[in-house]
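Subject: Structure handover

Hello,

Here is the structure you will be working with. Please open it alongside this email, and then read on for what was found.

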Amino acid sequence: MRPYDRETILQGIDTKWAGKTVHFAREVDSTNLWIKRLFQEGAEEGTLAVAEFQSAGRGRLGRSWQSPEGTSVMMSLLLKPDLPPSCASMLTLVMGLSVAQAVEEMGICVTIKWPNDVVASRRKLCGILTEMAVDGEHIRYLVIGVGLNVNTRAFPKDVADKATSLYLETGRMTDRSAVPGRVMAAFERNYESFQRTRDLSLLKEEYQRLLANMNRPVRILDPRGEKDGIARGISPLGELLVELPGGELLAVNSGEVSVRGLYSYV
Ligand code: BTN
């Protein structure tokens with residue numbers, strides 16, 4: 001197995017701008033926090049921060065994200081998009097799609113649980129956390145953090161039935177240093193499609209091909225009242241379109257509510 005370090009990761013990156021500059025640390029608090037510091041120091045768009053271990057890894061909804069050393073790919077990408085903050089959630093979907101495509105290219109069957117969990121065997125393989133700083137109606141910077149379970153052999157009891165890794169899916173170890181390059185290539189391609197329309201119109205079909213929830217029952221976990229329906233795809237803005245029992249099509253925004261499968265995590 002090749003070493004997991006900056007030089008080896010850079011050998012796998014063949015893009016115009018995404019991941020052209022790579023920072024690598026054996027240990028950091030969180031790669032998302034690290035990228036924010038790099039932004040303050042003048043880092044350019046496309047800078048990628050990768051860590052072997054995070055002492056304060058962050059997950060969605062204020063949760064923590066922990067991965068034992070030597071098992072996963074944890075990285076954060078810096079973007080400076082000329083977009084209003086309301087567009088940020090679409091870029092999270094673009095990254096979810098990119099990770100799913102990169103893993104699929106490695107011969108592993110994956111799907112996306114809307115909005116951005118990459119899933120294999122109905123278990124979570126990858127989580128994505130997007131954070132941003134805003135200047136009035138303008139995004140100053142956006143950081144998209146990716147935590148992909150690669151060579152994890154076992155998960156703690158409380159998540160064992162909800163999480164998986166490339167190792168558990170294939171029975172073989174994966175060269176982690178090749179993963180950032182694959183994801184960056186897919187992200188750069190998808191981001192350029194996104195920028196042409198400033199929405200997901202050109203990516204919708206491909207996203208829906210990979211959407212685990214497509215035409216399946218889902219529960220919308222809205223604090224004002226839960227609703228059940230059937231997921232029918234996404235809108236160009238990345239909202240999940242849910243058909244309610246009366247036939248009405250509801251557009252669900254990922255920033256506002258979560259969605260669960262009716263019978264499992266997916
Ligand atoms: C989730 O809760 O599903 C999102 C998890 C995101 C984890 C990644 S690991 C790299 C980056 N740095 C962090 O602190 N979090 C993200």
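A polar side-chain atom of Thr 31 sits 3.0 Å from a nitrogen atom of the ligand. That is a polar contact, meaning a pair of N or O atoms within 3.5 Å; within protein, one must be able to donate a hydrogen and the other to accept it, and residues adjacent in sequence count only if both atoms are side-chain atoms. Ser 30 has a polar side-chain atom 2.8 Å from an oxygen atom of the ligand. Arg 60 uses its backbone: a polar backbone atom there is 2.7 Å from a ligand oxygen. Taken alone, the ligand exposes 410 Å², and the protein buries 98% of that. These areas come from the Shrake-Rupley method with a 1.4 Å probe; for residues, only the protein chains shown count as cover.

Before going further, note that this is a predicted model: local features need pLDDT of at least 70, side-chain atom pairs count only at pLDDT 80 or more, and totals for chains, interfaces and linings use all residues. Residues are numbered from 1 along each chain as its sequence is written, and side-chain values use heavy atoms, with hydrogens and water left out.

Which residues are closest to the ligand? They are Ser 30, Gln 54, Arg 58, Arg 60 and Lys 124, out of 19 residues that surround it. Helices (H or I, at least four residues) and strands (E, at least two) are DSSP runs, numbered from the N terminus.

Now the charged pairs. Side chains of opposite charge can pair when their charged atoms come close. The structure holds 15 salt bridges. A salt bridge is a side-chain nitrogen of Lys or Arg within 4 Å of a carboxyl oxygen of Asp or Glu.

One of them joins Arg 176 and Glu 52, at 2.9 Å from N to O. This pair links distant parts of the chain, 124 residues apart. Arg 176 is in the loop between helix H4 (166-170) and helix H5 (179-197). Glu 52 is in the loop between strand S2 (48-51) and strand S3 (72-79). Are these two residues buried or exposed? Both Arg 176 and Glu 52 are buried. Buried means under 20% relative accessible area, exposed over 50%, and partly exposed in between (1.4 Å probe, protein chains only). Arg 26 joins Glu 52 and Arg 176 in a network of salt bridges.

Another salt bridge pairs Glu 104 with Arg 209, with the closest N and O atoms 2.8 Å apart. Glu 104 lies in helix H3 (residues 88-105) and Arg 209 in helix H6 (residues 204-210), so the pair ties together parts 105 residues apart in sequence. Glu 104 is partly exposed, at 29% relative accessible area. Arg 209 is partly exposed too, at 48%.

Glu 105 and Arg 182 also meet in a salt bridge, at 3.8 Å from N to O. Glu 105 is in helix H3 and Arg 182 in helix H5, so this pair ties together parts 77 residues apart in sequence. Glu 105 counts as partly exposed because its relative accessibility is 47%. Arg 182 counts as partly exposed at 33%.

Best wishes

Notes. Near = heavy atom within 4 Å.
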